[in-house]
Amino acid sequence: MSNEAVLHPHSVAATHEGHGVHHEHHHHETFISKYVFSQDHKMIAKQFLITGMVWAVLGGLMSVLFRLQLGYPDSSFPWLEDILGKWAKGGHITPEAYYALVTTHGTVLVFFVLTAGLSGTFANFLIPLQIGARDMASPFLNMLSYWFFFAASIVMLSSIFVETGPFSGGWTAYPPLSALGDASPGSKTGMDLWIVSMALFVVSSLLGGLNYIATILNMRTKGMSMTRLPLTIWALFFTAVLGVLSFPVLLSGFILLIFDRNFGTSFYLSDIYINGVGALPNEGGSAILFQHLFWFLGHPEVYIILLPAMGMVSEILSVNSRKPIFGYMAMIGSLFAIAILAFLVWAHHMFVTGLNPLLGSVFVLLTLLIAVPSAIKVFNWLTTLWRGNIRFTSGMLFAIGFVSLFISGGLTGIWLGNSALDIHLHDTYFVVAHFHIVMGVASMFGMFAGIYHWFPKMYGRYLNNTLGYIHFWVTIAGAYMIFWPMHYEGLAGMPRRYYDYSIWESFKQFVELNRFISLVSMIVFAVQLLFLFNFFYSIFKGRKVTSLNPWSANTLEWTTPLRPGHGNWPGEIPEVHRWPYDYGKDGQDFISQTTPVGEEESHH
Amino acid sequence: MTIFLTIAVVVLIFIVIFQIAKASEYVSILKGDDISRKQNNKINGFLMVVFLILGLIGVWYCNKLYFGKTLLAVDAASVEGARVDSMLWITLAVTGIVFIGTQIILFWFAYKYQEKDNRKVFYFAHSNKLEAIWTVIPALVLTVLVIIGLRNWFLFTGEPPKDAMVVEITGKQFGWIYRYPGKDGAFGKKYYKNIDPATNTLGILWEDELAHDDLINEQSMVLVKGRPVKLIIGSRDVIHDVGLPHFRLKMDAVPGIPTTMWFTPKYTTKEMKEMTNNPNFIYEISCDQMCGNGHYSMKGIIDVVDQEEYDVWIAKQKPQYLVTFPDKDPSNAQSADTTKLAVKPVETATKTIAKL
């Protein structure tokens, strides 16, 4: 398959430019076609990345605002009223605003930053470059994928400005709360916009995902068999498969929700009496049905977020240890196992919904099974470092940080996946700590690692190293200081999504800790701004890259020109002769994938 | 004003950091890429060990500060909760060892194998033996954890003991309604369209005679120490959750789909006050499922007492039927002491478990 595609390199970019080989011919690009409605996968990747960054700042800022409430529940901040108006009357964030902030923070970070911003960026950027293709299978659909995401962003943004406020029922949007405007003002117009935005987002990720799969399966260069793919590509491949199979289920759940909200159906509604409104006519629906549909995406979504980070970390650890990734096939196998199991564990989010205990026990078993491939990955990463010759680039630091966080957050998954413990810890801060470390911060670290590592390829310049080191050390220390103590709050039974704990005899003992966490989160947020400054400054003023292959890496993207144009390689696409991890083989520091296998070379 | 000052200070710090970073970049160009990279490598390698050590100290210190504030500092307040705790300790031991071991290995390797000119890397692409080891060992350990977990799970979610009392708890935005089956031990039927916030908060069908002795209150749920209790959990509007941190259990309250949960209280509220050294201690029911803007204030109270106290309390309660229809109250008609009616012992019906 792959060879065919390469032997007849009618890639889209080639036809686009008239002749595949005729690279000198510059076809006229306007500002619009180059920067706005671009069909170049590299530009689309940058669009995803920068939009993701905008959302990361907004989402992060929201968390700082609600941390302000949690850390300083008794203080009033008059400037908040200047910014938020009626949502912070008297300098106090209101409960409505607090829940809206928590909800939007969750939605935005999970979907816009860590799905679109992460796999949107790196799948787009790396797939064609690392498999040796001129562009995606369909650059046009790829462009649409970004613009659907952009539309989703605009709709989500607009929901912040409506009279009744944005949706405030938690990012999981469980009905009946999300279905009934009378139950919560956030479930009025804000929820309509939220759901439209999410529907657009599903379209975006489907267009993207189908494209990634088609590209990886069909457009690999000559010699690039599936088992010669870098682990980044394997990870992005499984990510795309997960998305394509699970997002439609989410959309179906949303469509039923739209019907319940607007057209009087009772898919999720039954036996409801709303204060001040009275009994609703809906009978016979099941509120639990939505949770099944939601978590059928929701759990794979966790891996949609995590797998790209795993893939990039594998690549970056290997490159900077100057050593092959340990257990390449086991790494693929464990990615595959995680991808399969991702579909079979969704109900572990629902242990306390009254789920059939027998069914629950099956989900316990399958959930804890995920720990096995995860353990394989961790030990393989550790062995990759063992007896290496490690270069601490900023990317490498974040990759090491990822492994540390993945261990810390993964281990608490063993607690929560066991239903008999979950029945105690469910929806407490223990869960908040768990998923922020393992999915939020860890994936964010994978994303940072990827940005630092591939920035030279994206912009032909380096990010500033010193700022990178400061960014890393403050962020990892800060992340642990924020989320580690939350385990203790969880072990005190402290529920998540509470606006104020002071009225609770059982949970009010953490005032100082909450203040500490809030303070650290502000510092960590400020340091992310420093990173963003580094990013945008370096695009224009960063130190120029002079070597084609600044990290001495084996993969194909480093065989392209310093600033590759649309089509990536000016001449023929290089042929691949080996796997991507020949580092330190036979005393050679690195052997590019394009180097033919020598006669006397040892076999691995 | 302070806000502007704060912003100004932050911006200034940023500028200083940026200038240093920029300067170090120029210096590295002057020194040559290779030399400066090696210097940075040493610094970061050293920081790896520093982070590991400070991190482990931090873990210890955090535990020192906050362990006493968790529930684990005091015994679980239910027999089943004690099993949760012991399982939690086992899981902590297993994951704790792995955590400390792997974090030490990670940061130690990072430090030890930092770039050195004379080091030749070990080309080590795979080893079936190693990979088999770290597939099988985690699988075996997890099997043990699963077995312990499922035994507890089936106990918690299984049938309660025969002598369990039954209490119904219904969530609404933002509070809890408790219903006791009364002397006949059975709940009367209810239908949500009968709900009236003033006179019939649960929508009881008064035609059903089983409902006539049902007791309803919104103040607190009174339970008996040592006597298993089965909760029948429902919701009037959106999804809530009966969170019982001290008993180590929780269960969602879903409109239209009743759920159940049972446990055996081990200590009375009074005993817990002494054990926790907190004279204000109460068993709180926290709503653990986002249910609207008042979610954080949706508190319920459980009062665990001994049997005698319970008997006195229950005797004082007046069936909701009689509260709603005072004219049906024989004690009103005869203007006699209302408590007499409730004290009348009815033994036959107590064994009947409530029908839903």
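Let us start inside chain A of this predicted model, at A:G169, which sits in the loop between α7 (139-159) and α8 of chain A.

You will find B:F174 in the loop between β1 (165-172) and β2 (175-180) of chain B.

Now follow chain A into helix α8 (residues 189-218), where A:G208 has its place. A:G208 is buried, with 29 other C-beta atoms within 10 Å. Which residues does A:G208 contact, once neighbours within four places in sequence are left aside? They are A:G120, A:A123, A:N142 and A:S145. A:A116 is 92 residues from A:G208 along the chain, yet their C-alpha atoms are separated by 9.4 Å.

Two other loops of chain A are worth a stop for their backbone angles. A:R322 is not a glycine, but its phi is positive, at about 55°. A:R322 lies in the loop between α10 (287-321) and α11 (328-342) of chain A, and is buried, with 21 other C-beta atoms within 10 Å. A:D586, in the loop between β3 (583-585) and β4 (588-590) of chain A, also has a positive phi, near 50°, without being a glycine. With 11 C-beta neighbours inside 10 Å, A:D586 counts as exposed.

Step back to see chain A as a whole. Its secondary structure comes to 18 helices and 4 strands. The radius of gyration of chain A is 24 Å, close to the 25 Å that the globule rule gives for 604 residues, so chain A is as compact as a globular protein of that length. The C-alpha trace of chain A spans about 80 × 55 × 50 Å along its principal axes, and 64% of the 604 residues count as buried. Among contacts in chain A with a separation of 6 or more, 79% come from residues 24 or more positions apart.

How do the two chains meet? On chain A, 104 residues are in contact with 98 residues of chain B. Helix α17(A) supplies the largest share of the chain A side, 11 residues. That side divides into 63 nonpolar, 29 polar and 12 charged residues.

Look next at α17 (residues 465-491) of chain A where it packs against α1 (residues 2-31) of chain B: the axes are 7 Å apart and the angle is about 130°. The two helices are therefore oblique to each other. A:N465, A:T466, A:L467 and A:I470 of α17(A) make this contact with B:I17, B:I20, B:A21, B:S24 and B:E25 of α1(B). By class, the contact has 5 nonpolar, 3 polar and 1 charged residues.

Finally, chain B is assigned domain 1 (1-31), domain 2 (36-77 + 94-115) and domain 3 (165-349). The centres of domain 1 and domain 3 of chain B, taken over C-alpha atoms, are separated by 61 Å.

Note on methods: Residues are numbered from 1 along each chain as its sequence is written. Chains are lettered from A and ligands numbered from 1 in the order in which they are written. This is a predicted model: local features need pLDDT of at least 70, side-chain atom pairs count only at pLDDT 80 or more; totals for chains, interfaces and linings use all residues. Domain bounds come from an automatic or database domain assignment. The radius of gyration is taken over C-alpha atoms; the globule rule is 2.2 Å times the number of residues to the power 0.38. A residue is buried if 20 or more other C-beta atoms lie within 10 Å of its own, exposed if 12 or fewer, and partly exposed in between; C-beta atoms are placed from the backbone. Two residues are in contact if their C-beta atoms, placed from the backbone, lie within 7 Å. Axes are lines fitted to C-alpha atoms, for helices over the stretch in contact, and angles run from 0 to 180 degrees between N-to-C directions. Angles under 35 degrees count as roughly parallel, over 145 as roughly antiparallel, 65 to 115 as roughly perpendicular and the rest as oblique. Ala, Val, Leu, Ile, Met, Phe, Trp, Tyr, Cys and Pro count as nonpolar, Asp, Glu, Lys and Arg as charged, and the others, Gly among them, as polar.
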